[in-house]
Amino acid sequence: MLPMQGGCWLCQTPLKLPRQGLCSYCLRALPLLPLCCPRCGLPAGNSLVDCSRCLRRPPPWQQLVAVSDYRSPLSQLIARHKFSRITALSVMLARLILLSWLAARRQRGLRRPDLLLTVPLHHRRAWRRGFNQADLLAKPLAHWLGCAWHPEGLTRRAAGRVQHHLSASARKQNLRNAFRLEIAVRDRHIALIDDVVTTGSTVAEISRLLMQAGAASVQIWCLCRTL
């Protein structure tokens, strides 16, 4: 783990509050999302009502909040965080999710969740990496929002193949019965956190599990939504 640096992670400008991680210029320069459906997070004509895709076949969650599309510079920061093990990026990346959720809450009237959960890694993959990147995002978010957070609330039964190498149909097959819920979630309003949502297969499988267990609602929070 590297110590938190004193400058902006992108332009190296010294920061008055180093824990924020990005200077105001780089924060404003992050690529903005186009108009996206509030439920699936994909491009749509309106960001306040569900798109036609969701009206025909709604995903098993209720709202999705993303910071940006999966592209530079956020994609590079995520890669450094996850694969280069620069975990000092965690607070800055979590802050980006918080700012995006606060903006979505003002626009859409989102409910504040009372429970945060994270997409789990299989224990062998977590051991090899040394951490679950989603847990590192959830910890500061739970503190800032005053939410309960259970890092062991979800577990992954089987390692499966790495998702980003698979087609959409293969992802679904790879995830069938892959997760287990370890805590009671009845009547809880839940935010499920991951770093990147690509096809949505992983968060859909977990959301179905949570809703079947009686969760009141599920929001998906991520850094990037692949458009």
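Residues are numbered from 1 along each chain as its sequence is written, and side-chain values use heavy atoms, with hydrogens and water left out. As the model is predicted, local features need pLDDT of at least 70 and side-chain atom pairs count only at pLDDT 80 or more, while totals for chains, interfaces and linings use all residues.

The protein splits into domain 1 (1-30) and domain 2 (34-158 + 174-225), with bounds from an automatic or database domain assignment. Their C-alpha centres sit 24 Å apart. Twelve residues of domain 1 are in contact with 13 residues of domain 2 (contact means heavy atoms within 4.5 Å). Between them the domains bury about 1200 Å², 73% of it on carbon and sulfur atoms; buried area here is the accessible area (1.4 Å probe) that two parts lose on being put together, summed over both. On the domain 1 side, Trp9, Gln20 and Leu30 lose the most area to domain 2, together 42% of what that side buries. As for charges, zero salt bridges turn up across this interface (a salt bridge is a side-chain nitrogen of Lys or Arg within 4 Å of a carboxyl oxygen of Asp or Glu).

Now for the rings. The count is one aromatic pair, where rings of Phe, Tyr and Trp (its six-membered ring) pair if their centres lie within 6.5 Å, and planes under 30 degrees apart count as stacked, over 60 as edge-to-face and the rest as tilted. Trp101 and Trp221 have ring centres 5.5 Å apart and planes at 45 degrees, so this pair is tilted. Because Trp101 lies in helix α4 (residues 90-108) and Trp221 in strand β7 (residues 217-225), the pair ties together parts 120 residues apart in sequence. Trp101 is buried at 1% relative accessible area, and Trp221 is buried at 0%; buried means under 20%, exposed over 50%, and partly exposed in between (1.4 Å probe, protein chains only).

Salt bridges number five. One of them joins Arg39 to Asp50, with the closest N and O atoms 3.6 Å apart. Arg39 counts as buried at 16% relative accessibility, whereas Asp50 is partly exposed at 27%. Another joins Asp114 to Arg188, at 3.0 Å between the closest N and O atoms. That pair links distant parts of the chain, 74 residues apart. Asp114 is partly exposed at 28%, and Arg188 is partly exposed at 25%. Arg180 and Glu182 also meet in a salt bridge, at 2.9 Å from N to O.

Note on methods: Helices (H or I, at least four residues) and strands (E, at least two) are DSSP runs, numbered from the N terminus.
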